[in-house]
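Here are my notes on this entry, kept brief. Please read them with the structure open.

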Amino acid sequence: MKILVPVKRVVDYNVKVRVKADGTGVETAGVKMSMNPFDEIAIEEAVRLKEKGVATEIVAISIGVAACSETIRTALAMGADRGVLVETDMAVEPIAVAKMLKALVEKEQPQLVILGKQAIDDDMSATGQMLAALLGWPQGTFASKVAVENGGITVTREVDGGLETVALTLPAVVTTDLRLNEPRYASLPNIRKARKKPIETMKPADLGVDPTPRLTVLRVTEPPKRRAGQKVGSVAELVMKLRTEAKVI
Amino acid sequence: MASYTAPLRDMRFVMHELLDSSSLSTLPGYEQATPELMDAVIEEAAKLAQDILLPLNLSGDAEGCTYENGVVRTPKGFKDAYAQMIAGGWTSLACDPEFGGQGMPKLVSTVFEEIVSSANTAFGMYPGLSHGAYRALHAHGSEALKKQYLPKLVDGTWSGTMCLTESQCGTDLGLIRTRAEPDADSGFRITGTKIFISAGEHDLTENILHLVLAKLPGAPAGTRGISLFLVPKFLPTAEGRPGARNGVSCGSIEHKMGIKASATGVMHFDGAQGWLVGRENSGMRCMFTMMNAARLAVGMQGLGLAETAYQSAAAYARDRRQGKSVGGKTDPAQVADPIIVHPDVRRMLLESRSMTEAGRALSYWCGMELDRAERHPDPAMRQEADDLVALLTPILKAALTDLGSDAANAAVQVHGGHGYIHEWGVEQLVRDARICQIYEGTNGIQALDLVGRKLGQDTGRLLRRFFHPVAEFLAAHEQDAALSEFVGPTAKALGRLQQATMTVAARGMARPEEAAAAATDYLRLFSLVAMAFMWCRMAEVAQRALQAGANGEASFYQAKIDVGKFFMARVLPRHSSHFQVVMAGGETLMLLPEVAF
């Protein structure tokens, strides 16, 4: 079974994100970039399926600037077999990414696409669902447990107030939640081997997709600073303030 | 807990932009060592250090190692961390591929040493000592010994030690008493007691290989009569598994000021089977071939600790609010400003940072020259690189370990009373950093090595390897207005260093005691000039990057220039006092009679 794992290059989770002075976005120049942590979990799950003998080949895909090849190399060092880089300098939105992934799925014919439930930069949580819809495939989102058996896949999902288990027929799309697994550290020999694994580079046009953004970002601002608290003398004063000042009751 | 994130951008700046690490891939055996691969390696090393080693630093210090009936246990979590380290292949980083190593350049292992020391200096001792043993065995062991033992040291399943010190001899190894008697079985039986043996006994590996200095019967007196032996804790079976216990045991472990999670053993050798490494009576020479790398590694401990100290102090200074800014920018919404607004706090932070960044440049340069000294096809280039390493090694060892201590103390000061409290993690840095100034040759010994051995070697050939590139750079940039704040002060300090060099050489010729009396100040003068040279070059690289548009990283490059200017204005002037002390001579050191002390 072939597995496709899309991986996104995002601002590293350790970095304190700063808004650009002109309010057009967040500062990414000179900022440490890494693989989206949910996508690391996706790669790890794919590698575990390969180690169990379920998967035969793992293809890591990244869409974005040329430096995304380093994100793919990270995936290759963790155990993916080869990479595909769809290179574009445009800011790609989930619908464009999903369309490109659909074209790649049609080309590669995988049985499973595993990807992060969301990327930590824009927190859209949309690509996996859109991809499943475009392909007409079943989807198991927010997975905390995955088992491939009897030609299908059982996905335990993290939902509000508990867990939901769904059985999907293959091919399918799975998006990963935090508790699915703990991604491994790449070993030194595997980091070296990753440099020799192939990465195919293409453009969105090669996949017949126009990635031009459909949304316009008006302004990016920092969340408002929390104002200092107040001390109240009595419950009556608290209720009065909640009613007249905070206007919450 | 102390804060640490590996300064990957600064590291890449030094490796690639300052030192042009891409040139390493032209050396035989390093064809694959591209900057991209080096980046991938140090990035993963940073993850390992930050996620696994750093969280064990404070707890390892609090718990320490425990000794019971000859068995030593490392603190909680160390065994798992070590297992993860060897599973990732990190002990094999710069080792010979013939024995299972990854064959990465010394430059990369130098960076790795810094990262590990920043996160957890005590933990780093175990793989560090193993690597020392690996180097000695690799350079001097017989083919049979190398085949039998090196793969185990490389993959980390067995560890190593260096057993030099005895109770009556530390610096002066000519005084050792441990004996080696020829024996029919293995060649030799070793008897004696060694002290201060780092990683001498522990529970991280299934076997421990001790490299022991001992004397053969009838050997010449002093250091010329010392031989080196390999003594395993368990004798290997034919299949290479640990077999029968050898006659070596741990009598106790020391209760130390710092690096408490590193087990320091008293090791008893009681007729233990040993194998000769190198030729008879050449033990000191065997040690010396690996001394440069080991001293550089201790320097990296100092640098690593300085970086963590700086980061912890800077984070605290940005967060802690005390007092209003005196005339500077102030936050009207708050009753107090973060202490980073105060000039004296900034002084402490910038002294640490400006010396750490220069120390990083200097040590990575040395790491890269180690690679050239080993691999360059042209013997003249190899010699040149080797000369520079020999000259810079004592300077780096002493200057960077002094820096580690100074920066750690500054971090405590920035933290105020909290710095004195264990849980904040910075008082540990002071204690951990202190040993680095002592072991692997005290910093006083490093200074003597510099003035006594390196200065006069081949009529100053080693010195010229350093003076020439500095003078060349300064001459080439004499008219460079953008670097005027760098070139002028450095030229002045270099002139004084050259004058001091001549004075020390001339006076030392007549009275060796004079050279010894000048040694420490001379070394400090030298290290300041070397750091200034690094800042000149870093500022030049940063200026060029800014002129080329800086690719969105203008603030990064501007920070290099700003920190460099601070060094020139407020750190480099210290060279004057060292110069004056050198010129004052040693007479006043010897005035006071011994009885008056």
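**Notes on the predicted model**

1. The model is predicted. In chain A, 9 strands make an open sheet of mixed pairing. The strand order is β9-β8-β7-β10-β6-β1-β4-β5-β11. β9 (162-169) and β11 (199-202) of chain A each have a single partner strand, so they stand at the edges, and one side of each is left without a neighbour in the sheet. From one strand to the next, the twist averages 30°.

2. Look next at the β9(A) end. Strand β8 (residues 152-159) of chain A pairs with β9(A) over 8 bridges, in the antiparallel sense. Within this topic, I153(A) has L168(A) of β9(A) as its bridge partner.

3. Helix α2 (residues 68-78) of chain A lies across β4 (57-64), β5 (82-87) and β11 of chain A. This helix runs at about 165° to β5(A).

4. Which residues make the nonpolar surface patch of about 380 Å²? They are V235(A), V239(A), V248(A) and I249(A). V235(A) belongs to helix α6 (residues 235-244) of chain A. Its relative accessible area is 64%, so V235(A) counts as exposed, the cut-off being over 50%.

5. Now chain B. Is helix α1 (residues 8-18) of chain B mostly covered or mostly open? Mostly covered: 9 of its 11 residues are buried. Among them are L8(B), M11(B), F13(B), V14(B) and L18(B). The buried set also includes R9(B), D10(B) and H16(B).

6. The cover over the buried residues of α1(B) includes α2 (35-53), α5 (106-140), α8 (343-375), α14 (512-547) and α15 (554-571) of chain B. After α1(B) comes D20(B), with a positive phi near 50°.

Conventions. Residues are numbered from 1 along each chain as its sequence is written. Chains are lettered from A and ligands numbered from 1 in the order in which they are written. This is a predicted model: local features need pLDDT of at least 70, side-chain atom pairs count only at pLDDT 80 or more; totals for chains, interfaces and linings use all residues. Side-chain values use heavy atoms; hydrogens and water are left out. Patches are made of residues with over 30% relative accessible area and no salt bridge: like charges are joined within 9 Å, nonpolar side chains (Val, Leu, Ile, Met, Phe, Trp, Tyr) within 5 Å. Accessible areas come from the Shrake-Rupley method with a 1.4 Å probe; for residues, only the protein chains shown count as cover. A salt bridge is a side-chain nitrogen of Lys or Arg within 4 Å of a carboxyl oxygen of Asp or Glu. Helices (H or I, at least four residues) and strands (E, at least two) are DSSP runs, numbered from the N terminus. Buried means under 20% relative accessible area, exposed over 50%, partly exposed in between (1.4 Å probe, protein chains only). Two strands pair if DSSP finds at least two bridges between them. Axes are lines fitted to C-alpha atoms, for helices over the stretch in contact, and angles run from 0 to 180 degrees between N-to-C directions. Contact means heavy atoms within 4.5 Å.
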